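Me: Hi! I have a new complex open and would like to talk through it with you. Could you keep the answers plain?

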Amino acid sequence: MPYLLILPAGLWLIVFFVVPAVQLFATSLYDPSGSLATGYAMTGDLGNYPRALGDYWPQLLRSLGYAAVATLACLALGFPLAYAIALKAGRWRNMLLVAVIAPFFTSFLIRTLAWKTILSDTGVLVGLLRHAHLLGADGRLLATPFAVVAGLTYNFLPFMVLPLYASLERFDRRLLEAAGDLYAGPVAGFRRVTLPLAAPGIVAGTLLTFIPAAGDYVNAQLLGTPRTAMIGNVIDSAFLVRLDYPSAAALSFVLMFAILVLTVGYLRRVGAGALDAVS
Amino acid sequence: MRLGRWLADHWVLGAGLVVLAYLLLPVAVVAGLSVNRASSRLSYDFHEFTLDWWAHPCGSPGMCAAVVRSVQIGFLSTLVATVLGTLMAFGLTRHRFAGRGATSILVFLPMATPEVVMGSSLLALFGAARVPLGFATIVIAHVMFCVSFVVVTVRARLAGLDPQLLEAAADLYAGPWQAFRRVTLPLALPGIVAAALLAFSLSFDDFIVTNFNAGTTTTFPMYVWGAAQRGIPPQVNVIGTAMFLIALLLVALTMLRPRRARF
Amino acid sequence: MADLRLTGLTKRFGALTAVDDLHLEVHSGSFFALLGASGCGKTTTLRMVAGLTEPTGGQIRIGDDDITRLRPYRRPVNTVFQSYALFPHLSVHENVAFGLRRRRQRDIDRQVADMLALVQLDGFGPRRPAGLSGGQQQRVALARALINHPRVLLLDEPLGALDLNLRRRMQIELKRIQTEVGVTFVHVTHDQEEAMTMADTVAVMNAGRIEQLGPPAQLYDLPGTPFVATFLGQSNLLAAHSEPGGENGELPVSAYGGRFTVPRDRCRAATATVYLGVRPEKLHLAGSPDAVPPGHQHVAGVVTDIAYVGVSTQYLVRTGWGTELSVFAPSTGAEERPELGAPVVAYWHSRHAFLLDRPDGAGDRTAPADLSVDVRA
Ligand SMILES: Nc1ncnc2c1ncn2[C@@H]1O[C@H](COP(=O)(O)OP(=O)(O)O)[C@@H](O)[C@H]1O
Ligand SMILES: [Mg+2]
């Protein structure tokens, strides 16, 4: 009986997720001298990996770095918002929650393009910053690493806020009062009570933000320059422009592997128990 | 002193609202651009108020067709993903069986995989199997990445369901089917609806995976992407704003809907 | 209507035997209480009758029908769950109508209205369970089960979640409803007072078995085992031996050098190793043996504790061999009050004593030293 219920979705995931992933791995071992037209020879050659890494390690490191910074920014911005909605908003709680989710429905491409307008050289923001001498007379926001990271932060912020909200919502505020009663000031109360109790949300939120951010290329493409290109841009063009499947597949796996190593390391540090919140 | 205390109590709320403003700012810009006639095609400065784009949203060639296609893909993917995912969520909640842990990992993995990797590997599969790219392959791909989110959402709802309610149903002459129909299903329904909404928004908004598997078919995000290189037609902003308003309206309706006494 | 009969009912969870070879007969139309400490197997017994737990062995019958293997939704039995288990998505009206609708009955609206009137919830039909107080939810749960006219209604600690005042009110209310509808009630509780005030018959359960069964007054007056004697109210149980001989229907026993007698018909012991039992309120205090009225028996001791609790004063009297006897003296206003440390004798009439089996080597058992535990007994 349970197998019948699980079978349809399970098969779908196996055929369209697991099989392609295995096949992608096989592709990464093909002889790179072939082409899509002439076909590839399966050589079991691991050489695609060092080759791809040698060519594109800057983009890989940049992706992980941008994603890490964006994740931290999301946490810094998302925590007050989730906290305010869960514990301070009172009867406006549902309204604010809707306001967090609603931008999802304006296509994320359109919103990213709106950022392009906001950050543009002739825009109000750049004008203000130049006027205040926070930006040089010909300083720019668009086409900088800042713009790309800001775009990533913006796009994945709801993925941070929602799990944080979910864990803070169950939070019993009397615990903080108890902590206050036991001589914990606001800072100690936050560190010793709020933060540990929000940990599952933080873990889920950082993973849900970091993983898609590391693989994203839309923000880098729309808000950046080739000098801010991320690994996603490379994979995308290797598959769709240069048609270099073996390199693209190798890069995909390098990315997956990097994310896996970071995730496992991260979960080790914060304690695997927190993973329960994710799955 | 009183002011200091008030600030201490409310600064978090203030900070939260600032972040919320940051989230909504681009939406405001999109809404503004939807009623703006720019001075030239490639500039986005606010120049002149107009309702032309709202009056003729399909004035931009090919856009409305792309929107319709995206909606069709969204509906179909949502339907399939919701049915498959809900079944799996039931299977994972009510039963303990060999392979349960493996199934949970299978569900978790797509959520932890970057879209480029999913999209490209699926493209490689379709290429190897010589499946022509188009509407069908897009739906297949969308169902694939939506299913996991449906499973997780519905499962969370089912986990909060008191098993004693089912015993009470059985005690009150409800056989297995009746207990499911009258108790489990209505109680799981909010979770299923939420999952379906999530699936639709994921599908409607997807660009990366779609771009790999669309062939010559154009969805709305792909249309926007293409148009972005040439300068975005202002009607795109009309669609973006309209989607936002429709979402708000839907939420308002579900929140205002009077609670029905009977199911 | 027919009786509920359990024969050799047994439930094992792995190595643990939750219900152990239970034999029980519940007469049709009676209010039957299953009383026992937490974990003694009451819920498990009830769930087996409801069909929610499969018995390891034994038989459940209602009249001539064997329902042991019947699915829960085919049994003529309904349950009031401890946490009520009201359907949160249905109105009060639909909760109550649930069973009728499943059996496609007619005239549902009128039946529901009548039932809501019976539990004094007229007009609550359109409300949701979440908006009701604990007592109101309890009534909905009761109405939802009763409306199906079960041959047996099972109630698993139905008042456990209510505060003390409400619990007292609901006890009276439940009793009224049971008398009105005449349905057999099997009521599980760990509250001995609740069982005694409500039930026609009380079964005291211990470690998966029935220790004793009978009308509450009889159980209290003449408990059959040390467990019943101490669980249902309090008792002073002195380690004693029965002696040969005896006349006028009186059995002689000896304890700590003293000799006492107990009426033969108040002996529940099968062996010579016995407990001599007296309830604390059947013990009286006097200043010296001379003051003991004729026909009474006594032991001497010293007052070690006095607790005034309004309706009575409760004394601890340490005997010569060190056991502290519990004595309740009613506050009539006329009594003399011994002081702390005063030498006293505690006396009782032999028709208030009883004899129980005592495991070899077991010493005295008296009421707990904390006198505030149970005043009402
Ligand atoms: N499903 C179960 N699995 C294992 N042990 C159980 C189960 N249900 C009850 N028990 C055990 O059986 C014993 C009796 O439980 P129960 O009938 O609930 O007691 P009561 O209702 O008298 O408090 C307890 O020791 C309890 O731990
Ligand atoms: Mg119990």
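Predicted model: local features only at pLDDT ≥ 70, side-chain atom pairs only at ≥ 80, totals over all residues.

Me: OK, and the extent of it? How many residues of chain C are in contact with chain B, and what area do the two bury?
Reply: On the chain C side 30 residues are in contact, and they meet 22 residues of chain B. Together the two chains bury about 2300 Å², and 60% of that is on carbon and sulfur atoms. Within chain C, the residues that lose the most area to chain B are Tyr73(C), His89(C) and Arg102(C), which together make up 29% of what that side buries.

Me: Now the other interface, please. How many residues of chain B and chain A are in contact?
Reply: Here 74 residues of chain B are in contact with 69 residues of chain A. The area buried between these chains is about 6700 Å², and carbon and sulfur atoms give 83% of it. On the chain B side, Tyr22(B), Leu23(B) and Trp225(B) lose the most area to chain A, together 10% of what that side buries.

Me: How many salt bridges does the rule find across chain B and chain A?
Reply: It finds 0 salt bridges there. The count of residue pairs in polar contact between chain B and chain A is 9, both residues being at pLDDT 80 or more.

Me: Which element of chain B gives the largest share of the side that touches chain A?
Reply: That is helix H1 (residues 2-34) of chain B, with 17 residues. By class, the side of chain B that touches chain A divides into 60 nonpolar, 12 polar and 2 charged residues.

Me: How far apart are the nearest C-alpha atoms of chain A and chain C?
Reply: They are 18 Å apart, and the two chains do not touch. Of the 2 pairs of chains that touch, A and B have the most contacts.

Me: While we're on chain A, how many helices and strands does it have?
Reply: Chain A has 11 helices and 0 strands. Its C-alpha trace spans about 75 × 65 × 35 Å along the principal axes.

Me: Changing topic: which residues are around ligand 1?
Reply: The residues around ligand 1 belong to chain C, and they include Phe13(C), Leu16(C), Ser38(C), Lys42(C) and Thr44(C). H1(C) provides the largest share of that shell, 3 residues. By class the shell has 5 nonpolar, 5 polar and 1 charged residues.

Me: Which polar atoms lie 2.6 Å from an oxygen atom of ligand 1?
Reply: One is a backbone N or O atom of Gly39(C), and another is a polar side-chain atom of Thr43(C). For Gly41(C), a polar backbone atom is 3.0 Å from an oxygen atom of the ligand. Taken alone, ligand 1 exposes 560 Å², and the protein buries 57% of that.

Me: Last one, back to charges. How many salt bridges are there over all chains?
Reply: The count comes to 17. One of the pairs within chain C is Asp20(C) with Arg209(C), whose closest N and O atoms are 3.3 Å apart. Asp20(C) lies in strand E2 and Arg209(C) in strand E10 (residues 209-214) of chain C, so this pair ties together parts that are 189 residues apart in sequence.

Methods:
Residues numbered from 1 in each chain as written. Chains lettered and ligands numbered in written order. Heavy atoms only, no water. Contact = heavy atoms within 4.5 Å. Buried area = accessible area lost by both parts, 1.4 Å probe. Salt bridge = Lys/Arg side-chain N within 4 Å of Asp/Glu carboxyl O. Polar contact = N/O pair within 3.5 Å; in protein donor to acceptor, adjacent residues only side chain to side chain. Helix = DSSP H or I, 4+ residues; strand = E, 2+ residues; numbered from the N terminus. Nonpolar A, V, L, I, M, F, W, Y, C, P; charged D, E, K, R; others polar. Near = heavy atom within 4 Å. Areas by Shrake-Rupley, 256 points an atom, 1.4 Å probe, with all protein chains shown as cover.
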